[in-house]
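User: Please take a close look at the place where the ligand is held. I would like one connected description of the site and what surrounds the ligand there.

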Amino acid sequence: MIKDDCIFCKLANGQIPCNFVYENSDVVAFDDLNPQAPIHTLVIPKQHYETLEDVNDKELLAKLMLAVKEVAKIKGAKNGFRTVINTKKEAGQEVFHLHIHVLAGRPMKWPPG
Ligand code: 5GP
Ligand code: ZN
């Protein structure tokens, strides 16, 4: 389903114009509004799922991960990339439509903050 008041639903389904880095029938990717690295792209399902906890569809989960790899390739993240899924408030989730951050283009520290 698509949620009327969800900004990522609107971006993914064309209600708000947006340049997609990548798109297929179930998944889109677009650059983060407030990038935390030279490359910072979000990969999201077109359908609305609040968090990773809400997805049990293995095919969709696989499609999201394959899209992450496509995005890394398209963006030229040849020295590596970091993939982050913040799930719920304590983990730092602010937008409650599942999204996978793809970050690259600078050295990454561990542990994350
Ligand atoms: P979270 O903290 O939920 O894991 O990440 C949400 C991300 O979405 C943040 O990095 C934030 O900059 C990004 N974001 C929030 N609103 C918009 C928007 O309207 N457009 C785009 N492209 N990114 C957004
Ligand atoms: Zn949504």
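**The site of ligand 1**

Ligand 1 sits in the largest pocket. The model is predicted, and the description below applies to that model.

The pocket comes first. About 820 Å³ of space lies within the largest pocket. Several elements each contribute two or more residues to its lining: helix 1, strand 2, strand 3 (39–45), strand 4 (82–84) and strand 5 (100–104). The lining of the largest pocket is made up of 31 residues, and those nearest its centre are D32, Q36, H40, N86 and H101. Sorted by class, this lining has 15 nonpolar, 10 polar and 6 charged residues. Rolling a probe the size of a water molecule over the atoms shows where empty space is left.

Next, the shell around the ligand. There are 16 residues around ligand 1, and D32, G92, E94, H99 and H101 come nearest. Two elements, helix 1 (7–12) and strand 2 (27–31), each supply at least two residues of this shell. Helix 1 gives the largest share, with 3 residues. By class, the shell around ligand 1 holds 7 nonpolar, 6 polar and 3 charged residues. D32 and H101 are among the residues that come nearest ligand 1, and both are also among those nearest the centre of the largest pocket.

The polar contacts involve oxygen atoms of the ligand. N86, one of the residues nearest the pocket centre, has a polar side-chain atom 2.8 Å from an oxygen atom of ligand 1. H101 likewise places a polar side-chain atom 2.8 Å from an oxygen atom of ligand 1. For V95 the contact is made through the backbone: an N or O atom there lies 2.9 Å from an oxygen atom of ligand 1. On its own, ligand 1 has 520 Å² of accessible area, and the protein covers 82% of it.

K88 lies in the loop between strand 4 and strand 5. Its phi is near 75°, a positive value in a residue other than glycine. P111 is found in the segment after strand 5. The peptide bond joining W110 and P111 is cis, with omega about 0°. As background, most residues other than glycine have a negative phi, and most peptide bonds are trans.

Key
Residues numbered from 1 in each chain as written. Chains lettered and ligands numbered in written order. Predicted model: local features only at pLDDT ≥ 70, side-chain atom pairs only at ≥ 80, totals over all residues. Heavy atoms only, no water. Near = heavy atom within 4 Å. Polar contact = N/O pair within 3.5 Å; in protein donor to acceptor, adjacent residues only side chain to side chain. Areas by Shrake-Rupley, 256 points an atom, 1.4 Å probe, with all protein chains shown as cover. 1 Å grid on protein atoms, 1.4 Å probe; cavity = no way out; pocket = protein on both sides within 12 Å on 5 of 7 lines; lining within 4 Å. Sits in = over half its atoms within 2 Å of the grid points. Helix = DSSP H or I, 4+ residues; strand = E, 2+ residues; numbered from the N terminus. Nonpolar A, V, L, I, M, F, W, Y, C, P; charged D, E, K, R; others polar. Points joined across faces, edges and corners; volume = space filled by probe spheres on them.
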